[in-house]
Each structure stands twice: as structure tokens, then as C-alpha cells.
Amino acid sequence: MLELAILGFLAGGPLHGYELRQRVAQLSGHTRPVSDGSLYPAINRLVKKGWLDRRVEPGAGAARRYVLTLTEPGRTELLDRLRNPAEHDLTDGSRFFTLLAFLSLLPDVADQHAVLRRRLAFLETPASFFYDGDTPLRAEEVADPYRRGMLLVARATGRAERAWLHETLAAGGTGTDGTPP
């Protein structure tokens, strides 16, 4: 998802490495901090693949700054990743939120909605953190108050997300800014 975030943010225009790092860190939040040890190797991989262009420009004082730009092959890769996300990108909440942050970059609303329908199908499949054999346990069936709390929070979050997905899909086509075409 780090590569998707890099490609997605650069779709909005060139950024200095530091600016990109800040945006990726803000998106991933405190739960998944972004270290230089993961960000810069990812940038280097994307440059080697030809998906990013990196150029040096003078910085304040003697420091040089790198400006990163998304290339056309990089834009193609970004759109493909958005259009055809891996299953775990839809089932993991944090990964899905990264995908969702850039989904409006897909120019075809039908493609956007296909991704949302896949997420909705996952959310509508009965699941739990805890099971009795193969049967998912509901909050009311769990005695431990902390486990019950986990299930209640997950239920509320899931309901809210499913409601938003149903509403968005029922609204039909919208432009990339969220307004009807």
C-alpha cells in the first residue's frame, strides 16, 4: 500500500521527497508510521521500474532536494492497482482506506463502483474475531467484556461502512469530485 500511496499522491503533481513523506504519514496515521527505511527504498523501486521520475533541484543553502514526478507508465500502474486491487487490499481496513483515498482517480465510475461492490460483498459475509468451531460469535455470545467490546465496535463500524457503500452505489454515477456528471 505504500507504493499505492506514493503513486496516488504524485498523481496530483510533483512533490519533494519530504512533502511526499508527510502526506503518506498523514494518510497512514499513527497505527502504521512510515519510516525513511521503508519510504525511500519504495521510491527507488518505483524509479527503477520507470513509474517515477526523480530530479535534483537546489534547496535552501547547500542542500539538494529531490522532486518526484509520476510518469505515464506510473499513472497506468496506479490506475491498474485501483481498478484491480488484490483481495487483501479489500479485506484489510487500513489497506482499503488507502485504496479509497485515491479511488476517485479512476476516470470510470463503473470501475470505482466495481471496487466498492467487492468491499461490500466482503463486509456482508458473516465474520467475527472469535468463533465456536466454524460459527462466528456475535457480541451477545461472548462473556469477556473486552472481546465483546471489540465485536460491538466492529459491528458499529461495519454498519456505518455498509450504509455508506449502499448509499454511494445507489446514487449511481458521480464525477470524480463527487458531484453528478
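Select helices H1 and H3 first: their crossing is right-handed (the near helix is turned clockwise from the far one by less than a right angle). The model is predicted, with local features requiring pLDDT of at least 70 and side-chain atom pairs pLDDT 80 or more, while totals for chains, interfaces and linings use all residues. Residues are numbered from 1 along each chain as its sequence is written, and side-chain values use heavy atoms, without hydrogens and water.

H1 covers residues 2-10 and H3 residues 36-48; the two pack at about 70°, with axes 10 Å apart (helices are DSSP runs of H or I, at least four residues; axes are lines fitted to C-alpha atoms over the stretch in contact, with angles from 0 to 180 degrees between N-to-C directions). H1 is therefore roughly perpendicular to H3 (65 to 115 degrees).

Next, display the contact (heavy atoms within 4.5 Å). H1 contributes Leu2, Glu3, Ile6 and Leu7, and H3 contributes Ser38, Leu39, Ala42, Ile43, Arg45 and Leu46.

Now colour H1 by accessibility. Of its 9 residues, 8 are buried (under 20% relative accessible area, 1.4 Å probe, protein chains only); among them are Gly8 and Phe9.

Within its 34 residues, Ile6, Leu10, Leu20, Leu52 and Leu82 touch the most other members. H1 gives the most to this core, 6 residues.

Finish at Leu52: beyond its neighbours within four places in sequence, Leu52 contacts Ile6, Leu7, Leu10, Ile43, Leu46, Val47, Thr69, Leu70 and Thr71.

Conventions:
Parallel < 35°, antiparallel > 145°, perpendicular 65-115°, else oblique. Core = buried A, V, L, I, M, F, W, Y, C linked by side-chain atoms within 4.5 Å. Buried < 20%, exposed > 50% of the residue type's maximum accessible area, 1.4 Å probe, protein only.
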